Amino acid sequence: MILPPDILAKIDSCQILARRVVEGLPLPGIHRSTRTGESVEFHQYMQGDDLRHLDWRLLARSDTLAIRTQTPDSPMRVGIVVDASASMAYRGESSPCSKFKLASILAAALAYIAMGQGDEVSLHVYQDVLLPGSGIHTGLAEFCHSLEDVEPAGEGRADAALARCSEQVASRGVAFWISDFLDGEDALGRRLRGLSARAQGVTAFQILDPDERSFPFSSARRFLDPEDSRRRVDAFPEQSRQEYLERFGAHQELVRGICLREETRFESLDFSDDLAGSLARAITVPNIV
């Protein structure tokens, strides 16, 4: 089971809200539509209009005859992009599971919340290419099954997944991108800009192993790039730890800065974090009307 019961219990009252008013279809949901005829609308009374819709309060205040119509709220589209490249397979000695497993738990939690509030959910998993199983999912079991079948491998080429997600949310939803964001920073701004141009709000979830934050190694190690076997580094912890931590800190500030510039919410998670608390902070975003 991807979603642990304790996570389900903590996120059961969460809601995913768009940053701006959401356009959509006249179906049940919690998000107000901005399309004409799909929200509260007023127009001047014309002969033949149904007097049952006359705004009597406005008439009493200003002697103005106006017709008031109201229709149901519309659903939101929620796009979830998940990095399944080789680096996401990393699992430190003290970690309960791999980074990809944690990313899957996070993605399933987002889907659980979105489906529970009546929204349309799409999943987009990528390695070198966009993986099968990506697309719109109507049930949580199907969504989770698409993640359970994935083995992290290859390089993280996100462009196709992000493009497909942008098409799915298309001005009527929000997007979540789950990755370790440990490379590709040169293209990160461009990719987030393209996603933000179509989505009402974007959140970037960075998944890390505690080893990547602290560099806890006490003996000499040879590190291999999981996405490029030609890249390897021999490290001596007493010499390398401080240099690594400085470079890691600089990289984190760079990623945060790019996200801020592109109006993207950024959350960095590892197994020592309160996942449910981080979810609540990152996905409950007030509407801007």
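Exposed here means over 50% relative accessible area, and buried means under 20%. The structure is a predicted model, so let's see how its labels follow from the values.

Q: What makes Glu263 count as exposed or buried?
A: Its relative accessibility is 60%, and the cut-off for exposed is over 50%. Glu263 therefore counts as exposed. You will find Glu263 in the loop between α8 (237-261) and β10 (265-269). Although Glu263 is not a glycine, its phi is positive, at about 60 degrees.

Q: How do you know whether Gln127 is buried or exposed?
A: Look at the relative accessible area of Gln127, which is 13%. Buried means under 20%, so Gln127 is buried. Gln127 lies in the loop between β4 (120-126) and β5 (135-137). Leaving aside residues up to four places away in sequence, Gln127 touches Ala84, Ser85, Val150, Glu151, Pro152, Ala153, Glu155, Gly156 and Arg157.

Q: What makes up the contact of α3 with α4, nonpolar, polar or charged residues?
A: On the α3 side are Phe100, Ser104, Ala107, Ala108, Ala111, Tyr112 and Met115, which meet Leu140, Phe143, Cys144 and Leu147 in α4. The residues of this contact divide into 10 nonpolar, one polar and no charged.

Q: How do you know how the reach of α6 compares with the expected span?
A: Helix α6 (residues 185-196) has 12 residues, and 1.5 Å a residue gives an expected 16 Å. From its first C-alpha to its last, α6 reaches 17 Å, close to that value. The buried residues in α6 include Ala187, Leu188, Gly189, Arg191, Leu192 and Leu195.

Q: What share of the protein chain counts as buried?
A: Of its 289 residues, 46% count as buried. The chain's secondary structure comes to nine helices and 10 strands. Among contacts between residues at least 6 apart in sequence, 75% join residues at least 24 apart.

Terms used. Residues numbered from 1 in each chain as written. Predicted model: local features only at pLDDT ≥ 70, side-chain atom pairs only at ≥ 80, totals over all residues. Heavy atoms only, no water. Contact = heavy atoms within 4.5 Å. Helix = DSSP H or I, 4+ residues; strand = E, 2+ residues; numbered from the N terminus. Nonpolar A, V, L, I, M, F, W, Y, C, P; charged D, E, K, R; others polar. Buried < 20%, exposed > 50% of the residue type's maximum accessible area, 1.4 Å probe, protein only. Expected span 1.5 Å × (residues − 1).
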